[in-house]
Every structure is written in C-alpha cells, then in structure tokens.
Amino acid sequence: MERGWRPVATIAGWQTAASLCYYSIFASTAFVREEFALSRTLVGVFLTAALVGYTLALFPSGAAVDGFGERTAMVASLLVLAGSTVAVSLAPGFLPLLGAAALLGAAYATAMPASNKGIVASAPRGRENLAMGIKQVGVTAGSGAASLVVTGVAAFAAWRVGFWAIAVVATAYAVAFPLAYSGTGGSGRWELPDLSGLADDRAYLLLVAAGVFVGATIFSMLGYVILYVEDVVGASAAAGGVVLAATQIAGSAGRIGAGSLADRLGGAGGAATVSLAQFSAGIALFGSLAVGITALPVAAGVFGGLGLTVLGSTGVYYSCLGDIVASDELGAATAGGQTAINVGGLLAPPAFGLLADTAGYRVGWGALAVCSAVGMALLWGVRREIAA
C-alpha cells in the first residue's frame with residue numbers, strides 16, 4: 001500500500017465514525033440515569049458493560065486483523081457498531097441496556113488494532129507520530145460529535161433519535177470505506193497471538209502497565225463530565241454536553257500537537273517523553289477539581305486542559321507502542337495495550353461513581369490525580385528502558 005496522507009485521512013474518518021457510535025453512551029449518561037432511575041454507581045456499571053464487551057473482544061479482533069488485514073475487519077466492525085447503537089437506544093430495561101452496551105463495546109474492539117496497523121503501514125516516513133495523532137483525533141472528534149448530537153437532539157426530541165442518526169452516519173461510511181481504502185494483507189489465518197516475545201520486552205510491559213492508569217483517568221473523566229456539570233456546577237445536561245464536546249476538541253488538538261512534538265524529539269523515546277509531560281499536567285488539573293470548582297467557565301477550562309493533556313496522550317501512547325514492537329506483532333501488541341487501558345476503564349468509573357455517591361466528587365477527582373501520578377511514574381520507566 002502506498003504511503004501518504006490520503007489513506008491516513010481515510011482511516012481517521014473511519015475512526016471518527018466508529019467513535020461516534022461507541023462514545024454515544026458517554027453522552028447519554030444523564031438521560032439513561034433519568035430513564036432507568038440509576039444511581040451514579042450504576043451509571044458507572046452501564047459504562048463498564050461496554051468496556052467488558054470491548055475488552056473480551058480485543059485479542060480475537062487483533063488476531064483477525066493480523067490474519068486477514070484491517071480493511072475487511074473495519075467494514076464489518078462499523079456495520080455492527082451501527083446496529084449496536086440502535087440496540088442501546090431500544091433497550092426496554094436496565095439488563096437489556098447492559099447487554100446492548102456490551103455488544104457495542106465488542107464491535108468497537110477492532111478499532112485500535114485495525115486503525116493502528118493501517119497507520120503504521122500508510123503514514124509518511126518520519127511523520128508516524130503525527131499521523132497517529134491525526135488518526136486518534138478521530139476518537140475525540142467522534143466522541144465530541146456524539147455528545148453534541150445526543151444532547152442536542154434530546155433538547156427537542158427523544159434522546160434515542162440522536163442514536164438513530166449516529167447509526168445512519170456509521171452505515172453510510174461503512175459502505176463508502178472499502179471504495180477509498182485498499183488496506184494491507186495478513187497471514188491468511190485466524191489464530192490467537194503468541195505473547196511470549198512481547199512478555200520479554202520490559203519497555204512494552206511498563207507501557208502496558210501505564211495503560212491501566214491511562215484508561216482509569218480517561219474513561220472516568222469522560223463518563224462523569226456531564227453529571228459533574230449537572231450535580232456540582234448546577235448547569236443543564238445540554239451545557240454538560242457542550243463542556244464534554246469542548247473537552248474532546250481540546251483532546252484532538254492535544255493529540256495533533258503531541259504527535260508533532262514527538263516526531264521532532266524522535267522515536268519511541270520522544271513519544272514517551274511527551275506522554276510523560278501530559279500526565280504531569282494531568283495531576284495538577286485533577287487536583288484543581290479535587291479542591292472544588294463550581295463556576296461553569298472555570299470547570300470548562302479545567303476539562304479543556306485535561307483534554308489537551310490526559311485525553312491528548314493516547315496518540316503518542318500508541319506511537320510509542322508501535323515503535324517498540326515488530327510490525328507483524330502490532331495487532332497483538334495493540335490488543336495488549338488497549339486491554340490494559342480498558343482494565344483501567346472497567347475498574348475506575350464505578351469506583352469513581354461510588355466515591356461520588358458516598359464521599360463526594362472531590363474525593364473522586366483526587367483519586368484520579370493519584371492515578372495520573374502512578375501513570376507518570378510508569379511512563380518514566382518506559383523512557384528509561386528505551387534510552388538504555
């Protein structure tokens with residue numbers, strides 16, 4: 001496959017459509033809480049159900065990408081994502097809602113192994129970190145658009161209508177995608193990966209460990225932005241949706257800026273250094289929320305800062321991962337890194353919700369500041385291993 005910015009843009013568009021579907025549930029937290037009379041803790045369980053499906057499907061989907069190439073997997077994934085988005089909107093009760101969310105997460109599992117493989121194969125030489133950052137903008141662009149669509153449509157119609165509109169967009173892109181993207185090949189067979197080689201790579205293991213805290217901070221923050229704006233700031237769910245969208249826009253800028261800076265610093269070490277700096281800033285920003293912020297403009301500014309830093313770190317995280325493993329192991333390696341991120345996302349949002357219910361949001365944000373500090377320490381270890 002020829003290298004250039006056109007396939008990078010096509011993959012970024014696919015990532016946007018996929019994330020539009022998956023992150024619709026994060027934009028729906030206020031409406032789901034009201035519809036099903038949920039506590040903050042059960043809202044976290046709803047988000048966790050999607051991550052359970054996502055996590056369980058990661059290694060099988062990574063094996064499919066390595067075996068048959070990313071193009072077919074990406075088309076199938078997007079079609080199932082569209083159907084799962086509709087299923088979430090039609091759930092008649094809480095348990096069916098959890099099942100639909102788990103199916104949505106499983107369909108999204110193809111996203112990182114497939115899109116990362118495509119970027120590594122198609123990015124212009126010397127601009128791999130920037131290309132990965134641009135692709136990762138698809139995550140923040142899709143989730144930001146989802147927050148605007150779901151909360152915006154809910155202002156004048158049922159919140160479910162926003163989900164149906166998202167499903168239509170995803171289906172249309174799934175039809176157009178194979179016409180614009182040729183993709184790479186694979187081994188021709190599906191088999192679960194042998195991780196023994198990766199397990200011997202200390203830098204990879206430290207990066208995977210850091211991924212747990214990347215996921216804990218990102219998914220907890222995204223899952224409770226709207227509820228925090230409602231419960232503490234005292235603004236509407238629509239205002240919370242705007243804050244969430246602004247956070248995602250800042251995350252997009254952070255991913256592009258971080259990728260460009262990492263390219264200038266060079267290689268896996270540059271990517272690890274930039275990610276380390278982003279998490280250092282995250283400690284201070286989560287700490288400011290723990291002190292207590294009740295003004296909407298100030299809260300929006302802090303969440304925007306978290307978008308630039310913590311949320312903006314995933315592009316360089318995956319660039320670093322792609323630089324330290326062999327290309328034929330990238331699907332499996334990405335599945336391992338994403339599994340770690342998801343483990344953090346599985347555990348942290350319900351715990352954050354429980355802390356918010358019992359001790360208040362301040363304690364929850366303080367816990368995320370601690371998670372950022374641990375992630376920063378692990379990234380420092382990655383940097384040292386790469387430099388050794």
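Visitor: Which residue does Glu230 meet in a salt bridge?
Guide: This is a predicted model, in which local features need pLDDT of at least 70 and side-chain atom pairs count only at pLDDT 80 or more, while totals for chains, interfaces and linings use all residues. Residues are numbered from 1 along each chain as its sequence is written, and side-chain values use heavy atoms, with hydrogens and water left out. A salt bridge here is a side-chain nitrogen of Lys or Arg within 4 Å of a carboxyl oxygen of Asp or Glu. At 3.3 Å from N to O, the side chain that meets Glu230 is that of Arg33.

Visitor: How many residues apart are Glu230 and Arg33?
Guide: Helices are DSSP runs (H or I, at least four residues) numbered from the N terminus. Glu230 belongs to helix α12 and Arg33 to helix α3, which covers residues 29–36, so that the pair links distant parts of the chain. Their separation is 197 residues.

Visitor: Is Arg33 buried or exposed?
Guide: The classes rest on relative accessible area, with buried under 20%, exposed over 50% and partly exposed in between, using a 1.4 Å probe and protein chains only. Glu230, at 26%, counts as partly exposed. Because its relative accessibility is 18%, Arg33 counts as buried.

Visitor: Which helix holds Arg160, the salt-bridge partner of Glu35?
Guide: The closest N and O atoms of Glu35 and Arg160 are 2.7 Å apart. Glu35 lies in helix α3, and the pair ties together parts that are 125 residues apart in sequence, because Arg160 lies in another helix, residues 159–180, namely α10.

Visitor: What is the relative accessible area of Arg202, which forms a salt bridge with Glu385?
Guide: The closest N and O atoms of Arg202 and Glu385 are 2.9 Å apart. Glu385 is partly exposed, with a relative accessible area of 30%. Arg202 is exposed, and its value is 53%.

Visitor: How much space lies in the largest cavity?
Guide: A cavity is a set of points on a 1 Å grid over the protein atoms alone where a 1.4 Å probe fits but cannot get out. Grid points are joined across faces, edges and corners, and a volume is the space filled by probe spheres set on the points. The search of the whole structure finds one cavity of 30 Å³ or more. The space in the largest cavity is about 150 Å³.

Conventions: On a 1 Å grid over the protein atoms alone, a cavity is a set of points where a 1.4 Å probe fits but cannot get out, and a pocket is an open set with protein on both sides within 12 Å along at least five of seven lines; lining residues have an atom within 4 Å of a point. Helices (H or I, at least four residues) and strands (E, at least two) are DSSP runs, numbered from the N terminus.
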